[in-house]
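This report describes how charged side chains pair up in one protein model. Please look at the sequence and the structure before reading on.

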Amino acid sequence: MSSTAERHRLIAQQVQDAGTITVTDLARLTGASEMTIRRDLDHLAGQGVLERMRGGARALLLRGEELPFALRVHEAVDVKRRIAAAVASAVTDGETVLLDSGTTCLEVARLLRGRKITVMPLSLQALAVLSESPEPTELLVPGGKPRMPEGALVGPLTLASLEALRFDTAVLGCCGLTADDGLTAYDLDEAMVKKAAVASARRVIAATDGSKIGRTARAYVGPPTIMQAVVTDPTADPAQLTALREAGIEVVTA
């Protein structure tokens, strides 16, 4: 494998798909030594990705659940950066922007630093990035309880922060988006925050890589018409993109 991060992603996916798997099988699959695989499994177990067992590992996540942030942040980085650039270019100077949690929105945060905007991030990771912003960026800090390890801010204090403000643009991440089921999330608390974000914003842009288009997660946020635009990449299901356009949503592929 070309990198440790790629090997970790492959191991995590194999454990998730198989339920249980041996060190020997993972070494054969990755081309790494069994000693390296054991170290990898210990590292991933420490992140809560899997459970170590004698001779291998077993899955902790249910099928269809989201991989931990620590792994997702290294996935499709170039794609997420292209999406982030398209989103950032849609934000004009002087806007007040609400920025959702998630790995794609974290890339957006990096591009908003130093812009002449007011921005309120909804994750500890994005907050850390934007806290380094030079003037003229104005940073608003919401209340809430961080959902770890994602760092997403949720709960009554977060909802109260959103209800107290109005935003020109809300940039939302998602776990699933289809023309029939709309925008969905894995976590019920995060879905509530996304709903509040939609209610507080004049314009909603969904920023998501193509793997999420055509997928439905368990927590409903709203129909596709809650969004004015979707920014994704060319790997997204063409039929879904066509259906979204027919619903009156601007679709941008970056």
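## Salt bridges in the model

There are 15 salt bridges in the structure; a salt bridge is a side-chain nitrogen of Lys or Arg within 4 Å of a carboxyl oxygen of Asp or Glu.

The model is predicted, so local features need pLDDT of at least 70 and side-chain atom pairs count only at pLDDT 80 or more, while totals for chains, interfaces and linings use all residues. Residues are numbered from 1 along each chain as its sequence is written, and side-chain values use heavy atoms, with hydrogens and water left out.

## A buried pair

Asp 40 is in helix 3 (residues 34-46) and Arg 7 in helix 1 (residues 4-18), 33 residues apart, and the pair links distant parts of the chain. Helices are DSSP runs (H or I, at least four residues), numbered from the N terminus.

Asp 40 and Arg 7 are both buried. Buried means under 20% relative accessible area, exposed over 50%, and partly exposed in between (1.4 Å probe, protein chains only).

Glu 107 is buried, with a relative accessible area of 10%, whereas Arg 81 is partly exposed at 47%.

The side chain of Glu 107 meets that of Arg 110 in a salt bridge of 3.0 Å, N to O. Arg 110 and Glu 107 are three residues apart in helix 6, so about one helical turn separates them. Through shared partners, salt bridges join Arg 81, Glu 107 and Arg 110 into one network.

How values were computed:
Helices (H or I, at least four residues) and strands (E, at least two) are DSSP runs, numbered from the N terminus.
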